[in-house]
Amino acid sequence: MTRPSQNPEVRLFVEILQIALQVVIVLTSILCIMFVLLNKGKGGGLSDMFGGGMTQSLNTSGAAQKNVVRITTVLAIVWALSILCYGLMMRFNPPVA
């Protein structure tokens, strides 16, 4: 099935948007990993293996820990939405060879 030719300006906009989404996906992936590792472990499990006991000695406040959890949640949502948007763009605007 052939697609009708698109306006060159629309094609350029779509390509720029795809690159921007790729950058957002990479940045949110890295930040998600960092913030997940910053989260305080609730006891036992893998968090203690990666230094969870050490974070207890830092005496982080409850408000700071809540902010870390909120930031992690927002980053994960932005990451998931970016993946979804990028997948939809690739489905309906495949790259031209």
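Visitor: How many helices and strands does the protein chain have?
Guide: The protein chain has four helices and zero strands. This is a predicted model. Read from the N terminus, the order of elements is α-α-α-α.

Visitor: Why is Met 89 called buried?
Guide: Its relative accessibility is 12%. Buried means under 20%. Met 89 therefore counts as buried.

Visitor: How much of the protein chain counts as buried?
Guide: The figure is 19% of the 97 residues. The accessible surface of the chain is about 7,500 Å², and carbon and sulfur atoms hold 74% of that area.

Visitor: Where is Met 89, and in which helix?
Guide: Met 89 sits in helix H4, which covers residues 62-92.

Visitor: Which residues does Met 89 touch, leaving out those up to four places away in sequence?
Guide: Contact means heavy atoms within 4.5 Å. Met 89 touches Val 14, Leu 17, Gln 18, Leu 21 and Pro 94. Take Val 14: 75 residues separate it from Met 89 in sequence, yet their C-alpha atoms are 8.1 Å apart.

Visitor: What share of contacts between residues at least 6 apart in sequence joins residues at least 24 apart?
Guide: In the protein chain, that share is 94%.

Visitor: Where does UniProt place the feature "transmembrane region"?
Guide: The unreviewed UniProt entry gives residues 12-38 and 68-89.

Visitor: What makes up residues 12-38, helix or strand?
Guide: The span is 100% helix and 0% strand, with its end C-alpha atoms 39 Å apart. Residues 68-89 are likewise 100% helix and 0% strand, and there the end C-alpha atoms lie 31 Å apart.

Notes:
Residues numbered from 1 in each chain as written. Predicted model: local features only at pLDDT ≥ 70, side-chain atom pairs only at ≥ 80, totals over all residues. Heavy atoms only, no water. Helix = DSSP H or I, 4+ residues; strand = E, 2+ residues; numbered from the N terminus. Buried < 20%, exposed > 50% of the residue type's maximum accessible area, 1.4 Å probe, protein only. Areas by Shrake-Rupley, 256 points an atom, 1.4 Å probe, with all protein chains shown as cover. UniProt positions renumbered as here; feature names shortened; annotations may be inferred.
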